[in-house]
Amino acid sequence: MTNHRLLRLSWAQEHRAWPDDWYQVLFSDESRFNLWDPDGCIRVSEMPVNSTFQSISGAIFQQDNVRPYVAKTVRNFFSAKHTQFLLWPAYSQDISSIEHEWDLVGRRLTRDPRPAASKDELLLRIQAIWNFLPQVDIQNLFDSTPRRIAALIAARGGYTKY
């Protein structure tokens with residue numbers, strides 16, 4: 001087994017009966033959207049850094065250890081806020097609910113046949129879609145976390161159908 005696979009399996013075993021509420025986890029992630037057709041060289045990255053975690057008692061911040069998230073200034077910010085972190089194994093998109101939320105946004109975005117005229121217009125469309133995602137879809141993603149963890153264990157740390 002590769003090291004990442006072992007780390008994913010270990011993480012899943014540790015969190016299969018995690019006593020904390022998955023609804024207290026604030027997931028962070030970035031996603032990439034094309035401004036033009038898939039061959040275009042202009043890409044838009046949106047990285048929601050949610051500071052609303054201060055309003056949720058006992059909030060736990062998930063970060064996937066991408067370089068911008070572990071930068072010294074980011075670490076200092078969260079340290080000053082006494083933020084609790086959820087350690088996350090690398091290459092674990094299949095167990096992150098926010099990855100699936102971004103997928104929902106991307107699917108809805110592709111249903112709009114009009115090309116975005118600018119980066120700002122594309123960002124506005126993405127934000128509008130994000131803001132109007134059905135809460136039941138988001139709740140289903142959170143509720144599926146234990147099933148995704150079980151699937152990860154069954155796959156012995158390998159990738160899952162999720």
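Of the 29 residues in the largest nonpolar core, Trp 11, Trp 22 and Leu 86 are the ones that touch the most other members. Two or more residues of this core come from each of α1 (3-15), β1 (25-27), α3 (97-110), α4 (119-131), α5 and α6. The largest contribution is that of α3, which gives five residues. The model described here is a predicted one.

Leaving aside neighbours within four places in sequence, Trp 11 is in contact with Trp 22, Leu 86, Leu 87, Trp 88, Pro 89, Ile 95 and Ile 149. Two of these partners, Trp 22 and Leu 86, are named with Trp 11 among the core residues that touch the most other members.

### Overall organisation

The protein chain contains six helices and five strands. Along the sequence these elements follow the pattern α-β-β-β-β-α-β-α-α-α-α. Of the 162 residues of the protein chain, 40% count as buried. The protein chain exposes about 10,000 Å², and carbon and sulfur atoms supply 54% of this area. Among contacts in the protein chain with a separation of 6 or more, residues 24 or more positions apart account for 70%.

### The contact of α5 with α6

Helix α5 comprises residues 135-143 and helix α6 comprises residues 145-154; their axes come within 4 Å and cross at roughly 40°. On the α5 side the contact is made by Asn 140, Leu 141, Phe 142 and Asp 143, which meet Thr 145, Pro 146, Arg 147 and Arg 148 in α6. By residue class, the contact of α5 with α6 divides into three nonpolar, two polar and three charged residues.

After α6 lies a segment that includes Arg 156. Arg 156 has a positive phi of about 50°, although it is not a glycine.

### Selected polar and charged residues

Gln 62 has its place in strand β4, which spans residues 60-62. With a relative accessible area of 1%, Gln 62 is buried. Not counting residues up to four places away in sequence, Gln 62 touches Val 25, Leu 26, Phe 27, Ser 28, Leu 86 and Trp 88. Of these, Leu 86 and Trp 88 are also contacts of Trp 11.

Arg 16 is placed in the loop between α1 and β1. Its relative accessible area is 53%, and Arg 16 therefore counts as exposed. Apart from neighbours within four places in sequence, Arg 16 is in contact with Ile 149 and Ile 153.

Arg 107 is found in helix α3. At 51% relative accessibility, Arg 107 counts as exposed.

Asp 137 is located in helix α5. Its relative accessible area of 23% makes Asp 137 partly exposed. When residues up to four places away in sequence are not counted, Asp 137 touches Leu 104 and Arg 108.

The table lists C-alpha separations for three of these residues.

| Residue pair | Separation along the chain | C-alpha separation |
|---|---|---|
| Arg 16 and Leu 152 | 136 residues | 9.8 Å |
| Arg 107 and Ile 129 | 22 residues | 10.0 Å |
| Asp 137 and Glu 101 | 36 residues | 8.4 Å |

Note on methods:
Residues are numbered from 1 along each chain as its sequence is written. This is a predicted model: local features need pLDDT of at least 70, side-chain atom pairs count only at pLDDT 80 or more; totals for chains, interfaces and linings use all residues. Side-chain values use heavy atoms; hydrogens and water are left out. Axes are lines fitted to C-alpha atoms, for helices over the stretch in contact, and angles run from 0 to 180 degrees between N-to-C directions. Contact means heavy atoms within 4.5 Å. Ala, Val, Leu, Ile, Met, Phe, Trp, Tyr, Cys and Pro count as nonpolar, Asp, Glu, Lys and Arg as charged, and the others, Gly among them, as polar. A nonpolar core is a set of buried Ala, Val, Leu, Ile, Met, Phe, Trp, Tyr and Cys residues joined through side-chain atoms within 4.5 Å. Buried means under 20% relative accessible area, exposed over 50%, partly exposed in between (1.4 Å probe, protein chains only). Accessible areas come from the Shrake-Rupley method with a 1.4 Å probe; for residues, only the protein chains shown count as cover.
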